[in-house]
Amino acid sequence: MKVKPESEITSFLQDYATPLGVKIVEVDFKQGKNPSLTIFIDKDGGVDLDTCELFHNAILEPIDTLDPTFGEAYTLNVSSRGIDWAFKTDEDFLSHIGKRVEVKLAQSIRGKKFYDGELISYDKKSVTLKVDKKTTFTIELKNLVKMNEYIDFE
């Protein structure tokens, strides 16, 4: 199934997001038996079910005029990125400098593939992570499987 580019869908929907204080952070289309278009959103203070429903209702009719799937049927979903969303954009990385993050690596460093620590820097090619008072190391982005905000369950 042919689908319009994420940038075109995002640009179109932004006019409906802005008045609601919502930011579109990702657009994902899943093909298969039950195709679906999921719009991931964020906003200051976080996203709750009411926010998802409000935005879904705001875009339900207008998105048909955009026709993102060129007339093919799909299910429209609106969701938050979730508690453990992976950093994907420069903004994601830069907004977490100085904060605690979790990292999953493709290739181990010092015998480990999982770390948590303070994100010290980001430069589009690598990140620097401080894992304790004495240990800081730089990780090339190509070695990152996933980086997300640290989740403290205590």
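Is K4 buried or exposed? With a relative accessibility of 17%, K4 counts as buried, since buried here means under 20% relative accessible area, exposed over 50% and partly exposed in between (1.4 Å probe, protein chains only). Before we go on, note that this is a predicted model, where local features need pLDDT of at least 70, side-chain atom pairs count only at pLDDT 80 or more, and totals for chains, interfaces and linings use all residues. Residues are numbered from 1 along each chain as its sequence is written, and side-chain values use heavy atoms, with hydrogens and water left out.

**The overall layout**

The protein chain has 4 helices and 8 strands. Helices (H or I, at least four residues) and strands (E, at least two) are DSSP runs, numbered from the N terminus. Read from that end, the order of elements is α-β-β-α-α-β-α-β-β-β-β-β. The C-alpha trace spans about 55 × 30 × 30 Å along its principal axes. Of the 154 residues in the protein chain, 35% are buried. A contact means heavy atoms within 4.5 Å; among contacts with a separation of 6 or more, 51% are between residues 24 or more positions apart.

K4 is found in the segment before α1. A polar atom of its side chain lies 2.6 Å from the backbone oxygen of L66. Leaving out residues up to four places away in sequence, K4 touches I9, L66, D67, P68 and F70.

T69 sits in the loop between α3 (62-66) and β3 (75-80). T69 is buried, at a relative accessible area of 1%. Its side chain has a polar atom 2.5 Å from the backbone oxygen of E72. Beyond its neighbours within four places in sequence, T69 is in contact with M1, K2, V3, F29 and Y74.

**Two nonpolar cores**

A nonpolar core is a set of buried Ala, Val, Leu, Ile, Met, Phe, Trp, Tyr and Cys residues joined through side-chain atoms within 4.5 Å. The largest one has 18 residues, of which L13, L37, I39 and F55 touch the most other members. The elements giving two or more residues to this core are α1, β1 (23-30), β2 (36-42), α2 (49-59), α3 and β3. Apart from it lies another core of 16 residues, including Y115, Y122, V127 and F137.

Which residues of α2 are buried? They are T51, C52, F55 and I59. The buried residues of α2 pack against α1, β1, β2, α3 and β3.

**Rings and charges**

The whole structure holds 5 aromatic pairs. Rings of Phe, Tyr and Trp (its six-membered ring) pair if their centres lie within 6.5 Å; planes under 30 degrees apart count as stacked, over 60 as edge-to-face and the rest as tilted. Here are two of the pairs.

| Pair | Type | Centre to centre | Between the planes |
|---|---|---|---|
| F12 and Y16 | tilted | 5.9 Å | 45° |
| F87 and F93 | edge-to-face | 5.6 Å | 85° |

F12 and Y16 both lie in helix α1 (residues 6-17), 4 residues apart, or about one turn of the helix. F12 is partly exposed at 23% relative accessible area, and Y16 is partly exposed at 30%. F87 and F93, on the other hand, are both buried. W85, F87, F93 and Y122 form one aromatic cluster.

A charge sits over a ring if NZ of Lys or CZ of Arg is within 6 Å of the ring centre and within 35 degrees of the ring normal. The charged end of R81 sits over the ring of W85, 3.4 Å from its centre. R100 lies over the face of Y150, 3.6 Å from the ring centre.

**A last stop at D90**

D90 is in helix α4 (residues 90-94) and is partly exposed, with a relative accessible area of 30%. D90 and D123 are 33 residues apart in sequence and 8.6 Å apart in space, C-alpha to C-alpha. Not counting residues up to four places away in sequence, D90 touches Y122 and K124.

Methods
A polar contact is a pair of N or O atoms within 3.5 Å; within protein, one must be able to donate a hydrogen and the other to accept it, and residues adjacent in sequence count only if both atoms are side-chain atoms.
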